[in-house]
Structures are given as C-alpha cells and as structure tokens.
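Dear colleague,

I am handing over the structure we spoke about, and it is shown just below. My notes on what was found in it follow, and I would be glad if you could read them with the coordinates open.

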Amino acid sequence: MSDLRIRHAALADIDTVLRFWRDAAEGTSISDDHDGVARLIARDPEALLLAERDGLLTGTVIAGFDGWRCSAYRLAVHPDHRRQGVAIALLEAAERRFAALGGRRVDAMVLEANERAHHAWAAAGYHREDHWRRWVKAL
C-alpha cells in the first residue's frame, strides 16, 4: 500500500467527493450535498479522510469525534480498488486520529443490506451490536 496516500479533504475536494460517493458509496444521506460537506470540513478539517492512488480518489471515510464518541461514516472504496487494503488503511488512519483525540471506541454506521460492507468492517476487527437501533429525525 506504499502507493496509497491518505490525506484530509479540503474545500476544493467537495465536488470530487460527491461524485465519488455517487459511484462508490451505497445509499445516500441528507447531508450528501456541497453545503453539508463544506460544513463538515469547516467544523472539523481533519474528519474527512481521502485515500488517493496516482492522484485519483480511491476511498473515503468520515472520522468524526464529538468529544464523547468516535463515529465512522461514509467508508467507501471505488469498485476498481476494492479488496486491495484501501478500506483497512482508511480505518487505521481514522483509528489513529481517534486515539490521538482520546477516543475509546468507534461506532460505525453500516447499511443493513450491504453485505460487502459487513465483510469489510469485520475484516478490520469491528463487530455488530444487535441490541442498538438508530433513531433519526430530519431537521
């Protein structure tokens, strides 16, 4: 993976990231727009991690920390780069960030029907907790 570069996203990356998510991510979020990603970067410039190979975006993860919980969102790897260690490298970078911030545990949002993602998260050492359910309300 020496040719893989992981860096923090900048405002100039937003349109590229949004296009990437349309091709590589499963499902969409209410925040998957320019303003939503811009707010994320402005609030926490180190949260959105990008993996690049030869200058091309190959993967993303949002490593959010609110002072209480470490949360991983939008782990996505381009279909042409899957099963090459990109997801593991992104999660390791996220985990280093969380540890440096004093985090103790990572919670990940994973779509129930995305079996491929279940395998990727398990391979990275994560396990499912069935006694929790997500409750949401749009604002």
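How many residues lie between E3 and E4 in their hairpin, and which residue in the turn has a positive phi? There are four residues between the two strands, and Gly67 is the one in the turn with a positive phi, of about 95 degrees. Please keep in mind throughout that this is a predicted model.

To begin with the overall picture, the protein has four helices and five strands, and along the sequence these follow the pattern β-α-α-β-β-β-α-β-α. The C-alpha atoms fill a box of roughly 40 × 35 × 30 Å along the principal axes. The radius of gyration is 14 Å, which agrees with the value near 14 Å that a compact globule would have with 139 residues. Buried residues make up 38% of the 139 residues, and, of the contacts with a separation of 6 or more, 65% are accounted for by residues 24 or more positions apart.

The sheet

The five strands form an open sheet in the order E1-E2-E3-E4-E5, with mixed pairing. Strand E1 (4-8) and strand E5 (106-108) stand at the edges with a single partner strand each, so one side of each is left without a neighbour in the sheet. From one strand to the next, the twist averages 25 degrees.

Strand E2 (residues 48-53) and strand E3 (residues 56-65) run antiparallel and are joined by six bridges, with Glu52 standing opposite Leu57 in E3. These two strands also form a hairpin, with two residues between them, and Asp54 in its turn has a positive phi of about 55 degrees. On the other pairing of E3, the one with E4, the sense is again antiparallel, over six bridges, and the bridge partner of Ala63 is Ala72 in E4. Strand E3 is mostly covered, in that nine of its ten residues are buried.

In helix H2 (residues 34-43), the buried residues are Gly36, Val37, Ala38 and Ile41, and what covers them includes H1 and E2.

Aromatic side chains

There is one aromatic pair by the rule applied here. Trp121 and Tyr126 form this pair, with 4.9 Å from centre to centre and 85 degrees between the planes, and it is edge-to-face because the planes are over 60 degrees apart. Both Trp121 and Tyr126 are buried. Elsewhere, Arg74 lies over the face of Trp21, at 5.2 Å from the ring centre.

With best regards

Conventions:
Residues numbered from 1 in each chain as written. Predicted model: local features only at pLDDT ≥ 70, side-chain atom pairs only at ≥ 80, totals over all residues. Heavy atoms only, no water. Phe/Tyr/Trp six-rings, centres within 6.5 Å; stacked < 30°, edge-to-face > 60°. Buried < 20%, exposed > 50% of the residue type's maximum accessible area, 1.4 Å probe, protein only. Lys NZ or Arg CZ within 6 Å of the ring centre and 35° of its normal. Pairing = 2+ DSSP bridges. Axes fitted to C-alpha atoms, helices over the stretch in contact; angles between N-to-C directions. Contact = heavy atoms within 4.5 Å. Rg over C-alpha atoms; globule rule 2.2 N^0.38 Å.
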